[in-house]
Amino acid sequence: MADEMVLRAQRFINLTYPNNVLGVPPLAENGQTSWTVMYSLTRALQYELGISSLSNSFGPATMAALKTKCPSVNEGTALSANFTRIIQSAMYCKGYDGGEIDGTYNDRVKAGIVKLKSNMGVSVPYPGSSLEPKVFKSLLNMDAYTTISGGTDTIRSIEQWMNSRYAQRADYGIVPCDGHFSRDVQTAMIYAIQYELGMADGTANGVFGPGTKSGIKAHPLSTGSAGPWVQLFSAAMVFNRRAGVDFTSSFTSSLASAVSTFQSFLKLSVNGTADFETWASLLVSYGDDTRKGTAFDCADEVTAARAKSLYDAGYRVGGRYLVNVPGTSLDKVIKPGELATMAAAGLSCFPIYQTFGDSSSYFGRYQGTSDAIAATEAALGHGFKKNTRIYFAIDYDNTDDEITANLIPHFQGIQEGIAAAGNHYTVGIYATRNACSRVSDAGLAGASFVSNMSAGYSGNLGFPMPENWAIDQIKTVNVGSGTGLIEIDNDIASGRETGQRTFDTPPPNTDLDVPFEMSWTDQLVTDVQTYLKSIGIPESGPPDSWPSLGKTKYTTSFCVEFMLSWDDLFTSLARMLKMRKALIQTSAIWELRHFNVTSIGDLAVPKANDEFSDACVWEYYNDGSLPDWATQFLNKLTPFNDCSTGVGQIFGNRAITARNHAVDLGLLDEAKLDPTKDADIWTVWEKLHYNQSYNISTVPYMHILHASENGMARPGLTTSETDTELILKYYQGNTAEAAQQAKLRMGLYRIFEDKYNKVFRTYLSKGTNLRLK
């Protein structure tokens, strides 16, 4: 909603500092406060102070110039009318009355400044209606000084107290008083402790370093203690959301009891006192990083010598990676025989799954499904027993919005993928405190492996440890010497994760397909283009043999590249189900290339048009009938409750039948649905239509069903070309046209299988480099 006075402030900037000629960019005149407005006001202030190089930052140069030229702004000291207008504009942007934006430091401005200082908690160090440089700086940001949504009045009162007590110290920045514990408040808390320790300005730096640590060790607190140190400690307890704790200057028995509960929860020494370990756990996510852990995780192989070093050092459970990251040289995957080596030395193991989990763009529902299937296949290949927990990694500093938009959908996809792969394993999460808690609270992870070592991550600042924490990662260390030397992350174990010490015999992986070597992408695209052109399918547009039904939606090159973007899923499905990857690839890419779209006016046979059919099914389930715009092309209002859809062009009812059959075979672990019920058809059809990984993962189950229905053996690693051609035929039906199409599909199958997949699994599994030079 537009605010008239903010609008006037924006107009003041645009009229006074036009067209960026003075270094102040023009503002959109929308009446809405934003950082952009605050940046322009900061630049305007710098201009009025005579600073030649303007910037968005109210940094040391701006502060120094302000202190020199106007150390206390009031009606008699303002440098100019525009100087005062900047103050008035900023006050309105912060929600305070600034009088008319007329350049007059009048009684309304003074009253607004007094209210602002009161809300900040700085009325004592900065009394009256003058505007001091530190307060001016805080006026030109987006910090709030009243409790906002999700904040608490208790935290706000602590923030006001800190500002009141420390605002006049040189390096202390006035913190927001919005009821939220943030990065700035956490830094201010360290400054406050350093000031109470007697550190001089210039020495105090807001860093939890050696001097701060030794000072805290010299100031233990227990029942009966009182004063500012207790206030800071109780504040830290409140910031960490410890139930039943008040902001207080007296260390009561009630506070001691809450401390004991906190210590027990984090596996600290339980004594009910504010000792160093407890202080550290409250102030930084990794706590006292000298604590000795009994758990570890590492990227290097645990050899027999290293396993002995780890056991002798007190470690009992370790995390190792299920896969390597495609396209990188880092070799962190569990090695053959390594799990047995660890077990023989008395070490258990928990599995971690991570590929490219270092930015928000990687995460989403479809990727989650694919990751879960890939993780299942890899865990089975290493011999992890049923119900082992796999920790899926999120290795970057995610915002709360990204957790909502990306990570929760990703773990919803993981749950679906775990089910699609047979429900062999359960789900854990490796991430920041906030991500672990939110994903777990959504019921999507049973235990948290917390990346507390990344203390600067916003997802670790101001957030308590997840209630279901299992592993607390605190510091990278070296253990052992000589051949027993290994670098690990030293972790604290809660007891929730004990890892595995016994393993199933891994299924034989002889002749299983392997990931595609992506340096051959262009060559594969060329080979597929050449073959399809030879059978009348150009790079774009419909095949030559099609009747005039409009156009196809995707080019040949797009289809190949799309298939390769999901290569990890195709590979995992093929390995897990012990069938040829080329069989799954062929059906998916053929159907995708033939997906056709047509404007209504061009339709000759509407039901043959894929996009038209999809729209009809959607309308049927959402509006309850065939759409009016479709009836002109059909002889009657026939219920249009199903059609082939998605990448693999699969009917909802047939997908249900195929997946039910897979459940009977023990390949899937999910509830059976009824292929005759509209509600069940719509449930599956919607997934087939919108969830690419669900659709792709259904393709092999369709092949398994077709083979069974036609008296054939289940497709496997040694299925003959003759039977492969029949299976491809049955994917389209048991007709002469389907048989003819199958022969054409076999040419595509041979490209995938003979020229690429067979070569890759023969040589890449041996470590041979097949990359293009």
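How many residues does helix H5 have, and what does it reach from its first C-alpha to its last? In this predicted model, H5 covers residues 107-120, which makes 14 residues, and the distance from the first C-alpha to the last is 20 Å. That is close to the 20 Å expected at 1.5 Å a residue.

## Helix H5 and its ends

Two features mark the ends of H5. At its start, a side-chain oxygen of Asn 106 comes to within 3.1 Å of the backbone nitrogen of Arg 108. Just after the helix, Gly 121 has a positive phi of about 85°.

The buried residues of H5 are Val 109, Lys 110, Gly 112, Ile 113, Leu 116, Lys 117, Asn 119 and Met 120. Their cover includes three helices: H4 (81-93), H6 (133-139) and H7 (153-166).

## Pro 125, between H5 and H6

Pro 125 lies in the loop between H5 and H6. Is Pro 125 buried or exposed? Its relative accessibility is 12%, so Pro 125 counts as buried, the cut-off being under 20%.

Leaving aside residues up to four places away in sequence, Pro 125 touches Asn 163, Ser 164, Ala 167 and Gln 168. Phe 265, by contrast, is 140 residues from Pro 125 in sequence and 39 Å from it in space, C-alpha to C-alpha.

In soluble globular proteins, nonpolar side chains tend to be buried together. The largest nonpolar core here has 98 residues, and within it Phe 233, Trp 279 and Leu 322 touch the most other members. Helix H10 (residues 228-239) supplies the largest share of this core, nine residues. Apart from this core lies another, of 73 residues, including Phe 570, Tyr 701, Ala 742 and Phe 760.

Which residues does Phe 233 touch, not counting those up to four places away in sequence? They are Leu 221, Phe 251, Leu 255, Val 259, Ala 274, Thr 278, Trp 279 and Leu 282.

Ser 225 sits in the loop between helix H9 (210-217) and H10. Its relative accessible area is 19%, so Ser 225 is buried, given that buried means under 20%. With residues up to four places away in sequence left out, the contacts of Ser 225 are Val 230, Ser 249, Ser 250 and Phe 251. Phe 251 is also one of the residues touched by Phe 233.

Strand S3 spans residues 348-353, and six of its six residues are buried, so the strand is largely enclosed by the rest of the structure. In a regular strand the side chains alternate between the two faces of the sheet. In S3, Ser 348, Phe 350 and Ile 352 are on one side and Cys 349, Pro 351 and Tyr 353 on the other; both faces are covered.

S3 pairs with strand S2 (residues 317-321) in the parallel sense, over five bridges. Val 317 stands opposite Ser 348 in this pairing. Between S2 and S3 the chain passes through helix H14 (residues 338-344), in a right-handed β-α-β crossover.

Strand S4 (residues 389-393) also runs parallel to S3, and two bridges join them. Here the bridge partner of Tyr 353 is Phe 392 in S4. The chain goes from S3 to S4 by way of helix H15 (residues 365-382), and this β-α-β crossover is right-handed.

## Helix H24

Helix H24 (residues 652-664) has 13 residues, which should span 18 Å at 1.5 Å a residue. Just after H24, Gly 666 takes a positive phi of about 80°.

Which residues of H24 are buried? They are Gly 652, Ala 655, Ile 656, Ala 658, Arg 659, Asn 660, His 661, Ala 662 and Val 663. These buried residues pack against helix H16 (400-420), strand S12 (650-651), helix H25 (678-690) and helix H26 (692-709).

## Ile 727 in H27

Ile 727 belongs to helix H27 (residues 721-732). Its relative accessibility is 1%, so Ile 727 counts as buried. Setting aside residues up to four places away in sequence, Ile 727 touches Leu 583, His 703, Met 712, Pro 715 and Thr 719. Ala 707 is 20 residues from Ile 727 in sequence and 6.3 Å from it in space, C-alpha to C-alpha.

Notes: Residues numbered from 1 in each chain as written. Predicted model: local features only at pLDDT ≥ 70, side-chain atom pairs only at ≥ 80, totals over all residues. Heavy atoms only, no water. Helix = DSSP H or I, 4+ residues; strand = E, 2+ residues; numbered from the N terminus. Expected span 1.5 Å × (residues − 1). Buried < 20%, exposed > 50% of the residue type's maximum accessible area, 1.4 Å probe, protein only. Contact = heavy atoms within 4.5 Å. Polar contact = N/O pair within 3.5 Å; in protein donor to acceptor, adjacent residues only side chain to side chain. Core = buried A, V, L, I, M, F, W, Y, C linked by side-chain atoms within 4.5 Å. Pairing = 2+ DSSP bridges. Right-handed = clockwise from strand over helix to strand, strands pointing away.
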